[in-house]
Amino acid sequence: MCGIVGYIGESQAAPILLEGLAKLEYRGYDSAGIAVYDGSQINMMKSVGRLKVLNELTHDGETLPGTLGIGHTRWATHGSPNDVNAHPHYNSDNTIAVVHNGIIENYMKLRKRLTAHGYTFISETDTEVVAHLLDYYYKGNPIETIIKVMHRVEGSYALGIIFKDHPDEVYAVRKDSPLIVGHTKDGNILASDVPAVLKYTRNVYFIENEEIVRLSKTDMKFYNVDEEELEKEATTIEWDVSAAEKGGYEHYMLKEMYEQPKAVRDTISPADPRIVNNKIEISELNMTDEEICSIHKLYIVACGSAYHAGVTGKYVIEGLARIPVEVDLASEFRYRDPIYEKNSMAIIISQSGETADSLAALRDAKAHGIKVLGIVNVVGSSIAREADSVMYTWAGPEIAVATTKAYSAQLIALYLLAMKFAYTRQQIDDNELQTLIKDLRKLPEQMELLLNNKEKIQHFANRYIASRDVFFIGRGIDYAISLEGSLKLKEISYIHSEAYAAGELKHGTISLIEEGTLVAAVLTQEQLYKKTISNMVEVKSRGAFVLAVTNTGNTEVEKAADYVIYIPQTNKYFANSLAIIPLQLFGYYVSLGKGCDIDKPRNLAKSVTVE
Ligand code: G6P
């Protein structure tokens with residue numbers, strides 16, 4: 001979603017801001033802007049559309065001289081994407097400029113009050129309220145002013161602020177929306193996300209909730225809401241800069257799909273390996289065998305693809321460890337007043353670790369005394385920091401909005417948990433565990449085989465560029481795979497697509513099948529082959545073109561399918577990791593054929609920090 005960058009130092013600010021914003025483009029946005037103080041006034045340039053437009057308007061920053069400034073990429077929430085609603089926003093006499101991530105929930109009330117005090121609003125945004133509120137309280141002391149504003153606004157925010165009266169300082173504050181700061185070689189930089197600062201530093205300071213930071217050219221100081229100065233320690237980001245670059249691939253998504261075998265290997269064997277002496281070791285869990293044996297129920301909660309990984313997790317954990325699992329979309333879970341059982345545990349899955357609904361679900365579970373395990377990719381993110389324990393997925397930075405490698409790594413984390421729980425609870429014996437470990441270790445190589453077969457998928461995908469609807473069907477784990485396959489296609493190609501539990505087709509969806517409609521059937525669960533083949537026959541006889549993704553050896557499927565993609569044999573619980581590869585490639589190549597913006601699909605954001 002929105003991105004923030006701020007800079008103060010010896011260099012010209014605008015090019016640094018623009019470059020930093022470019023690194024945050026992947027998060028999704030629809031307009032952008034920067035404000036730079038030039039020694040006498042704060043100048044601003046904003047524009048709807050891609051950053052390219054802002055670069056052109058400012059001649060790559062040249063028309064906005066000055067060594068301190070703030071910048072923003074906006075993903076519209078309050079008011080449509082246009083130049084006026086784009087950030088930064090000024091107070092009335094242009095002496096304060098502010099950029100904002102998050103949502104000010106009581107902005108209507110504040111707007112009314114400020115209007116009554118004579119303030120005029122020019123945008124529809126909630127952020128403009130902050131600019132005027134800062135103005136209202138400002139008596140010369142920025143920290144004091146920011147604290148007063150913090151007491152008045154409700155909701156979530158990361159703010160970058162500059163005051164004309166304080167030409168040697170940039171301010172920032174956060175509540176429930178990430179912010180980091182770091183030193184550059186000649187100044188200090190602030191951003192909402194790590195990729196924007198990686199070029200300058202790997203040592204970053206995470207601003208915690210309700211903390212304020214003041215940056216000057218040579219210094220940074222942190223304060224709490226009582227205006228007390230805080231000591232903070234830097235965190236070293238291990239990502240290597242090239243991990244967040246395209247590295248010769250046409251798109252981040254393609255590169256990230258190719259990084260999946262590595263993401264899987266690294267998640268199985270990070271620095272603190274998870275398979276030791278042929279047993280599963282998840283030290284981060286911090287649970288004794290007795291505690292594992294006493295778990296009555298698991299709640300898996302997540303959004304988007306992470307939720308789809310969770311649906312698979314339910315089948316795998318219930319199948320192997322025989323622990324009942326409820327899996328929920330975080331946006332539903334947080335408002336459904338869940339009945340938390342004693343001895344239960346919540347698992348929050350999130351690539352970014354910042355998804356607002358997932359974070360709210362985590363807090364709800366904790367508030368009810370439930371232990372929370374986070375399965376998270378971004379080290380030091382909010383979910384990672386607030387969960388009782390965190391199991392990192394070692395997928396590295398993921399830039400494409402449509403997740404691939406983080407999803408694959410989430411599956412591995414869930415398999416490892418299921419195996420650990422199953423063995424500890426004596427649901428599987430050592431022989432079964434060794435077979436599972438062997439199959440798990442084989443996955444990266446098998447994924448490579450599938451990735452190397454991409455031309456076949458590309459060829460097939462090219463025939464479906466003009467599709468109106470595509471349906472994905474499957475049962476059990478194959479249904480979970482279908483959910484993710486369908487999402488991958490629709491989110492990047494804008495083709496309407498739905499995933500259906502195959503047995504549910506006859507209850508409505510089948511009426512949508514027309515001559516030539518593509519139906520992708522997933523069949524990796526041997527015990528369910530026959531059932532799904534019957535469903536394939538049903539749609540085929542109504543004119544559908546049927547693509548099947550199934551295990552090598554299941555040639556029977558050819559009777560009911562028009563086109564078959566075989567995946568290598570693996571344990572039935574791990575089939576998702578292989579079957580998803582051709583489906584990701586399919587979505588990618590359909591989108592490529594249609595000429596869509598694959599890495600930054602319209603209206604979508606990588607990290608959804610508002611509910
Ligand atoms: C967005 C992303 C998805 C992701 C979902 C959940 O919709 O585009 O790829 O699955 O958010 O995000 P999280 O960071 O919590 O995994």
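Predicted model: local features only at pLDDT ≥ 70, side-chain atom pairs only at ≥ 80, totals over all residues.
User: What's the strand order in the open sheet of five strands?

Analyst: The order is β24-β23-β25-β26-β27. The pairing is parallel.

User: Which strands stand at the edges?

Analyst: β24 (496–501) and β27 (563–567). Each has a single partner strand, so one side of each has no neighbour in the sheet.

User: And the twist, what does it average from one strand to the next?

Analyst: It averages 15 degrees.

User: How many bridges join β25 to β26?

Analyst: Six. β25 covers residues 518–523, β26 covers 545–551, and the two run parallel.

User: What's the bridge partner of Ala-521 in β26?

Analyst: Ala-548.

User: OK, helices. Which strands does α15 touch?

Analyst: Helix α15 (residues 454–462) packs on the sheet and touches β25, β26 and β27. Its direction makes about 155 degrees with that of β27.

User: And α18, which strands does it lie across?

Analyst: Helix α18 (residues 575–594) lies across β23 (469–474), β25, β26 and β27. It runs at about 135 degrees to β27.

User: New topic. Where is Lys-185?

Analyst: In the loop between β9 (180–184) and β10 (187–191).

User: Is Lys-185 buried or exposed?

Analyst: Exposed. Its relative accessibility is 81%, and exposed means over 50%.

User: What separation do the C-alpha atoms of Lys-185 and Tyr-200 have?

Analyst: They are separated by 7.1 Å. Along the chain, the two residues are 15 residues apart.

Methods. Residues numbered from 1 in each chain as written. Heavy atoms only, no water. Pairing = 2+ DSSP bridges. Helix = DSSP H or I, 4+ residues; strand = E, 2+ residues; numbered from the N terminus. Axes fitted to C-alpha atoms, helices over the stretch in contact; angles between N-to-C directions. Contact = heavy atoms within 4.5 Å. Buried < 20%, exposed > 50% of the residue type's maximum accessible area, 1.4 Å probe, protein only.
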